[in-house]
Amino acid sequence: MSDQYAYLRGEFVSLDNATINIRTHGFLYGTAVFEGIKAYWLPETGQMSVFRMVEHYKRLIQSCRILRLRSPIDAETMGNLTIELIRRNQCQGPTYIRPIVYKADLRIGPILTVENTKDDFCLFTVPMDGYLDTSKGLKVGVSSWRRLDDNAIPARAKVNGAYVNTALAKTDGYLSGFDDVVVLTNEGHVAEGSAMNLFLVRDNQLITSSITENILEGITRDTIIQLAQQELGLSIVSRPIDRTELYVADEAFFVGTATELAPITSFDNRPVGDGKVGTISTKLRDLYSKAIHGLLPQYSHWLTKV
Ligand SMILES: Cc1ncc(COP(=O)(O)O)c(C=O)c1O
């Protein structure tokens, strides 16, 4: 028996009993939206803290709007339940938090708006350290799978079913010997990584794909933009990126809640810069690590302490 809890159907239950019916709409059609949030142990105060929780729940509500999901609870209540679950699970190290709003009725037919049907909210946590190895630099390939389009399954919403696209791209990348992949839009521009946003450094300027390039509007992307501008005085451009800009970049790195900041040292077997982890990537990785662990007092508003 697990000693861990989850939140399901309006109550905290043992993780072992947190199961759903096989006829659940969200399982049949992928009609669910989720967030990936991380909590960390703060060394200075000896407590857990959730990083940018408010922004994650704001995005979850936006995903609900796109998918016509009616969450039974608001963002503030989701936040309170998250804190309570971390307490109950006695989390004491890096923890991944997965809230989901899903179509909960047992119904055949992929229609989103049906009267008297139920959408529900659930939540669980898992310990997570090192989703990707961020120390040595990643070998990345451009995937032959294209990113989902805003007019097909919007990347702006974190839709469960959309992660089939991620899984195809990431798996085929692994099987070809890459640590991860970059996916292109249907127009052939760089969208993002399999489940992370991408930054390039060219001539001391940070470049990242604009939010109209079928990317998830990443919260870590926003964190890195703020740290780069405010702490390192760098300028940032958000614009369409050509595939071959990957090959001529001085530095490159992925960012995401699970990924944190992972430097990239090659694209399609061509070294990025001198093939070593770059100095701007290293500085930003260290700043990010300090921010999530509460070591940058000027960003304490990003932390929700447990
Ligand atoms: C497709 C995709 N892009 C980007 C990201 C990074 O977003 P965030 O920094 O908000 O975790 C994620 C991670 O959840 C993702 O799944």
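Where is isoleucine 22 placed? Isoleucine 22 sits in the loop between β2 (11–14) and α1 (25–29). Helices (H or I, at least four residues) and strands (E, at least two) are DSSP runs, numbered from the N terminus.

This is a predicted model: local features need pLDDT of at least 70, side-chain atom pairs count only at pLDDT 80 or more, and totals for chains, interfaces and linings use all residues. Residues are numbered from 1 along each chain as its sequence is written, and side-chain values use heavy atoms, without hydrogens or water.

Isoleucine 22 counts as exposed because its relative accessibility is 66%. Exposed means over 50% relative accessible area, buried under 20%, partly exposed in between (1.4 Å probe, protein chains only).

The expected span is 1.5 Å times one less than the number of residues.

| Helix | Residues | Number of residues | Span, first to last C-alpha | Expected span |
|---|---|---|---|---|
| α2 | 53–66 | 14 residues | 20 Å | 20 Å |
| α3 | 75–88 | 14 residues | 20 Å | 20 Å |
| α4 | 163–175 | 13 residues | 18 Å | 18 Å |

Helix α2 buries Met53, His56, Tyr57, Arg59, Leu60, Ser63 and Cys64. These residues cover an arc of only 155° around the axis, so they lie on the same side of α2. The arc is that of the directions from the helix axis to the C-beta atoms. Val54, Lys58 and Arg65 are exposed on the other side of α2. Arginine 68 follows α2 with a positive phi, near 55°.

In α3, the buried residues are Met78, Gly79, Leu81, Thr82, Ile83, Leu85 and Ile86. Glutamine 90 follows α3; its phi is positive, near 50°.

In α4, Asn165, Thr166, Ala169, Lys170 and Gly173 are buried. Seen down the axis, they fall within an arc of 115°, so they line one face of α4. They pack against β8 (138–146) and β9 (180–184), where contact means heavy atoms within 4.5 Å. Val164 and Leu175 are exposed on the other side of α4. Glycine 177 follows α4 with a positive phi, near 95°.
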